[in-house]
Amino acid sequence: MLPLLTPVDSAWQPHDFLPCSAGGDEADAMAAFTEGVAELRAAAAGVPDELLVCLVGNMVTEEALPTYQSMGNRSEGLADDTGVDALPWARWLRGWTAEENRHGDLLNRYLYLCGRVDMRQVETTVHHLLRNGMEMLVPKSPYHSLIYGAFQERATFISHGHTARLAGQHGDRTLAKICGVIAADERRHEAGYTMASAKLFELDPDGMVCALAYVMRGKVTMPGQLMSDGARDDGDDLFARFSAVAQRAGVYSASDYGDLVEHFVRRWRVAELATGLSGEGRRAQDYLCGLAPKIRRMEELAQQRTARSEPIEARFSWIYSRPVILG
């Protein structure tokens, strides 16, 4: 996994994609910065509110990185006990965290400069999510941790990739480039978790197929599930509203989830596992091989229900309580 981490000297930084705020001559630097921000805001003006909601939700999720590093360090036998351990997993986790940290920084700065969102409400949501934490329901074994990591990285790759495409369609080339470079990071990280999981499938197919079925039955807990903007106290589920907007906007949908499950079942050759499986392992194999079609059937039924129902609006404090249609 370690060669997949980019050397610091050749890694991109958030500064590379946004107007520069300093330079040799103060007047020239200010003029260039002002012009750059004006261009950024002009392009951002064409981004629809539903895509902004998706962008904020993704940024809030990225900004809760300290929680995810803690979750990664809970794996039994792999923990970075000193904070500077030389174990490969400890080195990967620190390097992964360093690369992921740029994602929230870059999206945060873009949103601040674009002038389209209520940054105090966005920052309040990040604060709440970090305080609320993340309910990790999978066991602390390396098997479950690697599988979960692979799924999450691919899901974020898909989400940022779709956001990049939609931003480009609406004329915001800066946002498209930002989300595209983040998506590329997520795909590279996914490759690490996927390859390590594939090796474990070779060494212990029964343990891994059971672990994969366990994670899938839990429906892969979303990192941002406990987000709150503090604006409502009636039990409203902000994450559910955000997810509904993402579904409707085409940023991340149940169909994407079905494709994701199918991808990993095929990549890890679950259907081809023949030897070394226990009775539980074979039941897990059968469940996993039939899961993607089941998800797609459920998605079709959900779309039919949505087509028959009246559109529902929801307001998000992130965009000054402007209404957005839910999926």
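Helix α4 passes helix α7 in a left-handed crossing, meaning the near helix is turned anticlockwise from the far one by less than a right angle. The contact, heavy atoms within 4.5 Å, includes Trp89, Trp96 and Tyr110 of α4 and Ile178, Cys179 and Tyr193 of α7.

A word on the basis. This is a predicted model, where local features need pLDDT of at least 70, side-chain atom pairs count only at pLDDT 80 or more, and totals for chains, interfaces and linings use all residues. Residues are numbered from 1 along each chain as its sequence is written, and side-chain values use heavy atoms, without hydrogens and water.

Back to the pair. The axes of α4 (residues 88–114) and α7 come within 11 Å and cross at roughly 165°. Axes are lines fitted to C-alpha atoms over the stretch in contact, with angles from 0 to 180 degrees between N-to-C directions. The two helices are therefore roughly antiparallel, the term for angles over 145 degrees. Helices are DSSP runs of H or I, at least four residues, numbered from the N terminus.

Next, the core. The largest nonpolar core has 98 residues; Tyr110 and Trp268 are among those touching the most other members. Such a core is a set of buried Ala, Val, Leu, Ile, Met, Phe, Trp, Tyr and Cys residues joined through side-chain atoms within 4.5 Å. Buried means under 20% relative accessible area, exposed over 50%, partly exposed in between, with a 1.4 Å probe on protein chains only.

Last, cysteines. How many disulfides does the structure hold? It holds 0, counting cysteine sulfur pairs within 2.5 Å. For Cys179, the nearest cysteine sulfur, that of Cys54, is 10 Å away. Cys179 is buried, at 0% relative accessibility.

How values were computed. Parallel < 35°, antiparallel > 145°, perpendicular 65-115°, else oblique.
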